[in-house]
Amino acid sequence: MSSTPNARAATALSGTGVWSGGPAVAVVGAYGHTGRFVVAELLRRGAAPLLVGRDRGKLDALRDLAPDASVRVASTEDAASLDRALDGAVAVVNCAGPFLTTTLPVADAALRAGIPYLDVAAEQGVSATLFDSYDERAREAGVVVAPSLAFYGGLGDLLATAALGDWPDADEITLAYALDSWHPTRGTRITGESNAGQHLVYSGGRLRPFGYSQEVFAWDFPEPFGTGDASEFATADQVTLPRHVRTPEVRAVMNLAPLRDIRAGDTPEPVAADEGGRSAQTFVVEAIVRRGRESRRAVAGGRDIYAVTAPLVVEALERVLGRTAAPGVLAAGEAFDAADFLRALTPAHLTRLDLPSAALVR
Ligand SMILES: NC(=O)c1ccc[n+]([C@@H]2O[C@H](COP(=O)([O-])OP(=O)(O)OC[C@H]3O[C@@H](n4cnc5c(N)ncnc54)[C@H](OP(=O)(O)O)[C@@H]3O)[C@@H](O)[C@H]2O)c1
């Protein structure tokens, strides 16, 4: 008797928890820097990653990380190869960027297979396209599509949602990013080039082109960063947050050290500084939500923005497979209980988490 993809997924997930039986999760771009962290996180939780990519040799070389994993060669330009790659998978996590090229073909393949699609895109435009054009199809297919479930697009969204607590709306949301450095991967560099001139900000109740202001101003970041120079920044959270929070303004600021790193052509790639492959980079992200004269804040800190993306997207996947989110195209704070989600990442992945007591109200 044949079974539908959804029925196969349900079978794989039956048991005590979503990872029991080692469900097969396809990771597209598995051998990329972020893909490797995602594969490791899936293995740690008990999933059976299906390693998907366009280069057979690089996939085979991943055996050091996942010796027993199945390997599937697929091209985002060849829909049939993607269908073969996703066969039997309960979900797909897309880590192949620039996402301008990969998001829509892989999301289409996930919808054909009837399985959830999650990605780690930092690119605002293509994630906005998913929200604008894929929601009805995702609902019809009965699956969750969750773009930008990552350091940019996921963490700030969750923090702002947790900070809101019982507030139904906000006059302004500000996300303040402080990184001690930003050693970009090859994928970040290529994505930055392909996305140049495409950045957006959310202001006056709509997405607008980012003015690329280089204006420098003082900002009071949480410790250990403290007061320092900062500049405006564009992040995927400016696409995700307005999808589920009523607010006319989502602003992002970043300290200057990482902006200088990312703009310099000779900044080296990240280097592993622990046994898990994390670099020594540290970050603190603060969400400040303002309503009238009142404001609420939530802060998270940790190490390595690429590494922390893996527990963010895999925790989201665990909750999606556990059926805690309704079908559709969803932002992190919309799909999940934000405070509970963030707490689940402490202390292993978020070494600091300060939530306002109002976050408990939701
Ligand atoms: N939102 C966030 O916070 C966040 C966090 C981490 C990463 N990211 C994004 O994730 C992407 C990957 O970053 P990374 O650091 O992992 O870079 P990376 O190490 O260079 O890996 C990129 C991966 O994508 C694959 N790829 C690229 N274009 C492809 C295509 N057209 N078809 C199939 N595979 C393709 C690459 O395969 P080949 O080697 O065969 O080219 C490689 O496996 C970037 O766009 C980055 O901005 C976002």
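## First stop: Thr267

Select Thr267 and display its surroundings: apart from neighbours within four places in sequence, Thr267 is in contact with Trp182, His183, Pro184, Arg189 and Asp261, contact meaning heavy atoms within 4.5 Å. The model is predicted, so that local features need pLDDT of at least 70 and side-chain atom pairs count only at pLDDT 80 or more, while totals for chains, interfaces and linings use all residues. Residues are numbered from 1 along each chain as its sequence is written, and side-chain values use heavy atoms, with hydrogens and water left out.

Thr267 lies in the loop between helix H11 and strand S13 (282–291). Helices (H or I, at least four residues) and strands (E, at least two) are DSSP runs, numbered from the N terminus. With a relative accessible area of 12%, Thr267 is buried; the term buried means under 20% relative accessible area, exposed means over 50%, and partly exposed lies in between (1.4 Å probe, protein chains only).

## Helix H11 and its cover

Next, select residues 256–263, which form helix H11; its buried residues are Leu256, Pro258, Leu259 and Asp261. Which elements cover the buried residues of H11? The cover includes strand S7 (172–179), helix H9 (186–194), strand S11 (227–233) and strand S12 (250–255).

Within strand S11, select Ser231. Ser231 has a relative accessible area of 1% and is therefore buried. Not counting residues up to four places away in sequence, Ser231 touches Ser213, Gln214, Glu215, Phe217, Ala252, Val253, Met254, Leu256 and Leu259. Leu256 and Leu259 are among the buried residues of H11. The C-alpha atoms of Ser231 and Gly29 are 32 Å apart, and these residues are separated by 202 positions in sequence.

## Ala66

Move to the loop between helix H3 (56–61) and strand S3 (70–73), where Ala66 is placed. Is Ala66 buried or exposed? Ala66 counts as buried because its relative accessibility is 1%. Beyond its neighbours within four places in sequence, Ala66 is in contact with Val39, Leu43 and Leu51. Gly35 is 31 residues from Ala66 along the chain, with 12 Å between the two C-alpha atoms.

## Backbone features

- **Pro98:** the peptide bond joining Gly97 and Pro98 is cis, with omega about 15 degrees. Pro98 is in the loop between strand S4 (91–94) and helix H5 (99–113).
- **Pro347:** a cis peptide bond leads from Thr346 to Pro347, with omega near -5 degrees. Pro347 is in the loop between helix H14 (338–344) and strand S16 (350–354).
- **Ser148:** although Ser148 is not a glycine, its phi is positive, at about 55 degrees. Ser148 sits in the loop between strand S6 (144–146) and helix H8 (151–164), and is buried because its relative accessible area is 0%.
- **Arg323:** this residue, also not a glycine, has a positive phi of about 65 degrees. The loop that holds Arg323 runs between helix H12 (309–321) and strand S15 (328–329), and Arg323 counts as exposed because its relative accessibility is 54%.

## Two domains

Now colour the chain by domain, with bounds from an automatic or database domain assignment: domain 1 comprises 7–150 + 310–338, and domain 2 comprises 151–305 + 339–360. The contact between them takes 30 residues from domain 1 and 37 residues from domain 2. Taken over C-alpha atoms, the centres of domain 1 and domain 2 are separated by 23 Å.

## The whole chain

The chain contains 14 helices and 16 strands, and its C-alpha trace spans about 65 × 45 × 35 Å along the principal axes. Of its 362 residues, 54% are buried. Among contacts with a separation of 6 or more, 71% are between residues 24 or more positions apart.
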